[in-house]
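Subject: Structure for you, with notes

Hello,

Here is the structure for your files. My notes follow below it.

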Amino acid sequence: MSLKIGDEMMRLSGVLRHEPTDKWVRARLGGRIVVDSRAALLLWEPRRIVPTYAVPDGDVRAELVPVEPAAGSDVPVLHPGIPFAVHSTPGQAYDVRVADDVRERAAFRPDDADLAGHVVFDFDAFDWTEEDEPVFSHPRDPFSRVDARRSSRHVRIERDGVLLAESRSPTLVFETKLYPRFYLPREDVKAEVLPSDMVTACPYKGRATYLSFAVGENLAWTYLDPLPDASPLAGLVAFFDEVVDVTVDGVPRVRPDSPVANVMKDEFGVS
């Protein structure tokens with residue numbers, strides 16, 4: 001029987017998973033070394049979308065102070081907006097102390113025999129490098145890739161009947177386990193752009209700034225100075241398909257049912 005790989009990956013998302021990495025991984029707090037490891041693991045807790053690092057006890061350079069864990073979560077998907085302190089597997093939480101600096105509940109030791117002797121760290125609480133290069137947002141998933149392809153599809157984007165953008169020269173981005181995104185030339189954005197101070201980070205593409213419109217805040221984003229691997233996306237504009245109406249070559253697309261829609265609703269009141 002042939003297996004559909006995507007379905008198998010989704011099935012595994014509900015279990016605790018890890019994968020060794022050969023990268024030299026370091027974490028710093030205020031310039032002081034917290035983690036220095038050449039034997040790190042990438043670790044995904046059940047229902048977590050993105051990984052973080054687990055390292056052997058001997059590679060920890062900080063004091064770990066046991067604390068009561070935060071309340072767990074029963075949400076179906078633990079997206080990056082769910083704090084690290086919310087865990088979906090049993091274990092012991094720790095405050096991380098380096099001299100006078102403390103990061104509360106920034107470390108966690110899962111109760112799992114295969115992970116014995118390892119501590120997981122909150123990526124957002126520290127400054128990380130892989131080899132000698134800084135990384136941000138979260139470690140890259142070795143089982144994910146991002147492909148950008150120029151296209152001549154006719155893409156039209158609307159919200160509440162208002163035309164936001166229309167293009168015949170989009171760049172399509174195909175990212176593992178995610179819905180395709182349509183990146184359009186800035187000149188093909190038809191509606192007036194309003195100011196936004198929102199900024200987010202993607203470890204694959206770089207730091208994104210956001211665009212608002214009269215019909216909704218932060219409906220689109222752009223990478224003005226993307227990472228080298230994402231250079232084809234420089235200056236292009238992508239919209240959240242979850243909250244706009246997208247038509248491709250005259251065919252309306254169904255709005256994706258993804259965690260992004262809930263985040264947009266909860267944080268910005270957009271639905």
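Arg38 lies over the face of Trp24, at 4.2 Å from the ring centre. The charged end of Arg26 also sits over the ring of Trp24, 3.5 Å from its centre. A charge is taken to sit over a ring if NZ of Lys or CZ of Arg is within 6 Å of the ring centre and within 35 degrees of the ring normal.

On sources: this is a predicted model, in which local features need pLDDT of at least 70 and side-chain atom pairs count only at pLDDT 80 or more, while totals for chains, interfaces and linings use all residues. Residues are numbered from 1 along each chain as its sequence is written, and side-chain values use heavy atoms, with hydrogens and water left out.

Aromatic pairs

The structure holds 10 aromatic pairs. Rings of Phe, Tyr and Trp (its six-membered ring) pair if their centres lie within 6.5 Å; planes under 30 degrees apart count as stacked, over 60 as edge-to-face and the rest as tilted. The rings of Tyr53 and Trp128 are 5.6 Å apart between centres with their planes at 35°, so this pair is tilted. Tyr53 belongs to strand S5 (residues 52-56) and Trp128 to strand S10 (residues 127-130), so the pair ties together parts that are 75 residues apart in sequence. Strands (E, at least two residues) and helices (H or I, at least four) are DSSP runs, numbered from the N terminus. Tyr53 and Trp128 are buried, meaning under 20% relative accessible area, where over 50% is exposed and anything in between is partly exposed (1.4 Å probe, protein chains only).

Trp221 and Phe240 form another tilted pair, 4.7 Å centre to centre with 50° between the planes. Trp221 is in strand S19 (residues 216-222) and Phe240 is in the loop between strand S20 (237-239) and strand S21 (245-248), so the pair ties together parts that are 19 residues apart in sequence. Both residues, Trp221 and Phe240, are buried. There is also one aromatic cluster formed by Tyr53, Phe121, Phe123, Phe126 and Trp128.

Strands and sheets

Two strands pair if DSSP finds at least two bridges between them. Strand S6 (residues 63-67) pairs with strand S7 (residues 91-98) in the antiparallel sense over five bridges, and Val65 has Asp95 in S7 as its bridge partner. S7 and S8 are likewise antiparallel, over seven bridges, with Tyr94 opposite Ala107 in S8. Their hairpin has two residues between the strands, and Ala99 there takes a positive phi near 55°.

Further along, four strands make an open sheet in the order S14-S13-S21-S22, with antiparallel pairing. Strand S14 (162-167) and strand S22 (251-252) are at the edges with a single partner strand each, so one side of each is left without a neighbour in the sheet. Strand S13 (residues 155-159) and S14 are joined by five bridges; Val155 has Ser167 in S14 as its bridge partner.

An exposed loop residue

Ala116 is in the loop between strand S8 (101-110) and strand S9 (118-121). Ala116 is exposed, with a relative accessible area of 57%. Asp57 is 59 residues from Ala116 in sequence, and their C-alpha atoms are 9.3 Å apart.

Annotation

The UniProt record (an unreviewed entry) carries the annotation "domain: DUF427" over residues 155-241. UniProt positions are in the numbering used here, feature names are shortened, and annotations may be inferred rather than shown by experiment. In the model, residues 155-241 are 0% helix and 48% strand, and the end C-alpha atoms lie 12 Å apart.

Regards
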